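My notes follow the structure.

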Amino acid sequence: MILVLGGAGYIGSHMLKVLREVGEPHLAFDNLERGHLAALGESPFLAGDLRQPNDLTRLFAEHRIDTVMHFAAYIEVGESVKKPAEFYWNNVYGVLVLLEQMRLAGVSQIVFSSTAAVYGEPDYVPLDEAHPTRPGNPYGETKLAVERMLAAFGDAYGLRSVCLRYFNAAGADPAGVLGEDHDPETHLIPLVIQAALGRRPSIKIFGDDYPTPDGTGVRDYVHVLDLAKAHLLAVNHLRRGGASATYNLGTGHGHSVKEVISAVERVSGRPVPVEIAPRRAGDTAQLVAASDAIQRDWGWRPQFGQLDQIVEHAFRWFEAHPEGYRTPL
Ligand code: UFG
C-alpha cells in the first residue's frame, strides 16, 4: 500500500485520483494546515502531522505500507525567505522524523517531490540533472537538504528513493473537480486566470527586461497529472528493486509570462489587463527542463504537453470554483 503524505494538497490530491483510477491501494495523510478535505475525494484518509512521531508510529503499525510519497512541503519561495525556520521545520525536520519512523517500521521506499529550485541560477538551459545544485533561497535549500538526507539514509540503511525535480507544476484534472487552491496565490497561471475572470484587477508582469525573446520570464509548465503519472513509474521502479534515482520533470519547452497571458486570453475568450512591474526578487530569467533521462529510462512522456491544454484545464477548475474548495456546490 502507498502512503501519500500531503494528499489534500494540489499535487497530492491529483496523485490520489490517479491511484484511485489505477486501483492502487493507498492511504492519504495530511495535517490540513494548507490542504483541503474536499480534495481527498474517495481516498482513505488519516489526519496527522509528520513532525509528530507518534502519528506515524501508529500509522505504520496499523497499515502495511511499502512505499511513501511525500507531497507535504511548504512550497512558496518568497515565504521561505521570510520564514526559513518554518520551512526547515516542516520540509527538513518533518522528513527526518518520517525517515526514522520508516526505518523503525521497515519501510524502505520513498518517492520525494523535489524541485527545479535546487539548481538556482542556471549556467545553461535546458537544465539536465548534472547541472550544479546551488539553491538561491531557503525553499530550494530545504529540498536539496532532503535529497542529500535520502542519499545518506540509502548508503547507511538501504533506503531506496526517487527524487523528482518538478519544474512549474500547473493545470488541473480535466474533469474540473480538482485544482489549485493556495492562500495567498502567487503562481502565474492561477493569477492570470483570476484576472481574466475579473476576480483580480490585473496581472502584474514581474519584469519585461529579461534576456529572453520577449523580455519576460520563461518557465517550463508541466501538467500536474503528468507529474502524478511519473510517480506511478517511480513506484514501479522501486518495487522492481530499482536503485535510487533523481529525475527532472518538465516538458522541455519554455513559455514566457506574455505567452501564458496570451494562452489564457485564447482559452477564456476574455482580455487580461496587464501591468508591467519590477522584477520579483529571486526570480531567474529562464528555467527549462531537460527531461530526457526519465523519458529514456522509464518512457515517461507528458500527455498534456501543450500550454493551451494546461491552461484550459486550470481554467475549467477556476471557472467552476471561483472560491477554490470553499465555493458552494
Ligand atoms: N510572474 C509574474 N507575475 C505574477 C506571478 C509570477 O510575472 O504575478 C512570473 C514570475 O516572475 C516567473 C513566472 O511568472 O517568471 C512564474 O512564476 P511562478 O510564481 O508561477 O513560479 P516560479 O517559477 O517562481 O516558482 C515555481 C514554483 C516553486 C518552485 C519553482 C522552481 O512555484 O515552488 O517553480 O522552479 F520552486
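**Ligand contacts**

I looked up the polar contacts (pairs of N or O atoms within 3.5 Å). A polar backbone atom of T186 lies 3.4 Å from an oxygen atom of the ligand. For L188, a polar backbone atom is 2.8 Å from a ligand oxygen. In the side chain of R219, an N or O atom is 2.7 Å from an oxygen of the ligand. The ligand taken alone exposes 690 Å², and the protein buries 91% of that; I note that areas are Shrake-Rupley values with a 1.4 Å probe.

I noted the basis: this is a predicted model, where local features need pLDDT of at least 70, side-chain atom pairs count only at pLDDT 80 or more, and totals for chains, interfaces and linings use all residues. Residues are numbered from 1 along each chain as its sequence is written, and side-chain values use heavy atoms, with hydrogens and water left out.

**Shell**

The ligand is surrounded by 22 residues, and H187, L188, K204, R219 and D283 are the closest. Strand 8 gives the most to this shell, 4 residues.

**Helix 7**

Helix 7 covers residues 224–239. Of its 16 residues, 12 are buried, meaning under 20% relative accessible area with a 1.4 Å probe, protein chains only. Among them are V224, L225 and H237. Just after helix 7, G241 takes a positive phi of about 90°.

How values were computed:
Near = heavy atom within 4 Å. Polar contact = N/O pair within 3.5 Å; in protein donor to acceptor, adjacent residues only side chain to side chain. Helix = DSSP H or I, 4+ residues; strand = E, 2+ residues; numbered from the N terminus. Expected span 1.5 Å × (residues − 1). Buried < 20%, exposed > 50% of the residue type's maximum accessible area, 1.4 Å probe, protein only.
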